[in-house]
Amino acid sequence: MEQAFLLMMYSFAAFWIWTMISVGFLLATPKAFLEKYFCPPYFRSAEVIIFSAFPSNLIRNVMFIRLIASPSSGKVRGLSEAYRDVPSWLIAYAKFLYISLILVLIWMFGMLAFWGCYIAYDHWLA
Amino acid sequence: MSVAQQPIQYLEYRVKPGDTLSFILSQFYDVNFGSSEYKRRVTGIMELNPHISNPDRITAGDLLVLEASAGPQMCLAPQENQPKLFKAPAPQILSSVPRDSDSDFYALSWLASNANYLTLPGSVALGGQGNLLSGGNLGLIDKVSELYADYKSGKLTKNQYDYQRKLTLDQFRKNIGPFEKLLYGEKTPHEVVRIARGGGVPATANITANTQQLKKLAAMAKHGGIVLTGVGVAASCVQIADADSSKKKNEIFIETLASTTIGAAGSYAVGLFLISNPVGWGTAIVLAAGTVAAGYLAGKGARAAYDLTGAKVDFVSGTGVGSICRR
């Protein structure tokens, strides 16, 4: 069980390492790109307001990572062609971040689900 | 002086709502339910507190007399002139808290020990508020002044002025969403941002005053996210420094790390969802509350998981947190 616990702690560490790497994307996103797309009608005024300052701008960063890595995700907002306005290296960077985030989240929430089940079993069934 | 000769010290503890004897014993003596030490402590408490007839039925408000514990150090015979090894457990302070201040005391204690849970939602709320009152939004209020000037100079008719003022303030109201109550109380922006009809002051005095007030609030709130994040980290650090055993330090560290990580990870998951599914204020608040709740539960769960593994790994020392968060 100690290994399982360490595995969960490693997933937390992986998450924060991912966050640090994603800050590079936040800084690299062209300002002109944000000014063009992070505004009405693509985003509601309230969303623009909320996701502009720290720490919620990190959530906006995740939104744009997915948008650039997976352009079809922006279909509802009319942003499926937005990826054309960023350099190709940024698209590759976004794809790397998007896939690694999905893997880290699956790993982390998987470990949490395991421990949730184990704690419930230990408390009520054992 | 031998151990047997040391006077036994006692303390009083007032039972608070939700307390159980096993919880109190784990807090004061760090003993687990069902262990032989647990049974010995229960017997001791029953002897010291004859008014307790059933250890499974203690009620909030009961005053318990407890034997003060010095932990493992009590086994050592102290030398003359050495300070007492006994360290009073933190809850001893309760005996000096007036009964009618109990609820305030517990509320503040909860806030102090759970400050880390407030960091993430608080940061988002304050950061959001700072931006709600950004130049763009405050510009909408200033626009009312400009519309009034246009009306007075004859560029707009009374109806045009009323209509455009309404449109402008409707947009402002839409932008600030649920923050309206926080900023204006029971009034609406339409009632507050209006032309001064009294004599002796400029017609736009109310608008100017309102804009200035909101600008000050925005300046304070905009940095709130960073400040609150710092407060949350510092609060956890103080808790780790104050904890009297390595096990407790690690429990606090793991609970804080897990709740913050899951809160942040939940927010990222929401971000992934939001890009393809735009939502309104109501859904956004539900998602934010759900993320905070998940973070809180994950913190408690991770702490329980750490205890279940036997609490063998010392993360606080291993990560260097112990050397930063110390007295």
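How many residues does helix H1 of chain A have, and how far does helix H1 reach from its first C-alpha to its last? In this predicted model, helix H1 of chain A runs over residues 2-28, which gives 27 residues. The helix reaches 40 Å from end C-alpha to end C-alpha, close to the 39 Å expected at 1.5 Å a residue. Its buried residues can be picked out by name: A:Phe5, A:Met8, A:Met9, A:Ser11, A:Phe12 and A:Ser22.

A:Ser80 sits in the loop that links helix H4 (57-69) to helix H5 (88-125) of chain A. Leaving aside residues up to four places away in sequence, A:Ser80 touches A:Pro71, A:Ser72, A:Gly74 and A:Lys75. Its C-alpha atom is also separated by 7.5 Å from that of A:Leu67, 13 residues apart along the chain.

Turning to the interface, 32 residues of chain A are in contact with 39 residues of chain B. On the chain B side, two or more residues each come from helix H4 (115-132), helix H6 (158-176), helix H10 (224-242), helix H11 (246-276) and helix H12 (281-308). H11(B) gives the most to this side, with 13 residues. Sorted by class, the side of chain B that touches chain A holds 19 nonpolar, 17 polar and 3 charged residues.

Definitions and conventions: Residues are numbered from 1 along each chain as its sequence is written. Chains are lettered from A and ligands numbered from 1 in the order in which they are written. This is a predicted model: local features need pLDDT of at least 70, side-chain atom pairs count only at pLDDT 80 or more; totals for chains, interfaces and linings use all residues. Two residues are in contact if their C-beta atoms, placed from the backbone, lie within 7 Å. Helices (H or I, at least four residues) and strands (E, at least two) are DSSP runs, numbered from the N terminus. Ala, Val, Leu, Ile, Met, Phe, Trp, Tyr, Cys and Pro count as nonpolar, Asp, Glu, Lys and Arg as charged, and the others, Gly among them, as polar. The expected span of a helix is 1.5 Å times one less than its number of residues. A residue is buried if 20 or more other C-beta atoms lie within 10 Å of its own, exposed if 12 or fewer, and partly exposed in between; C-beta atoms are placed from the backbone.
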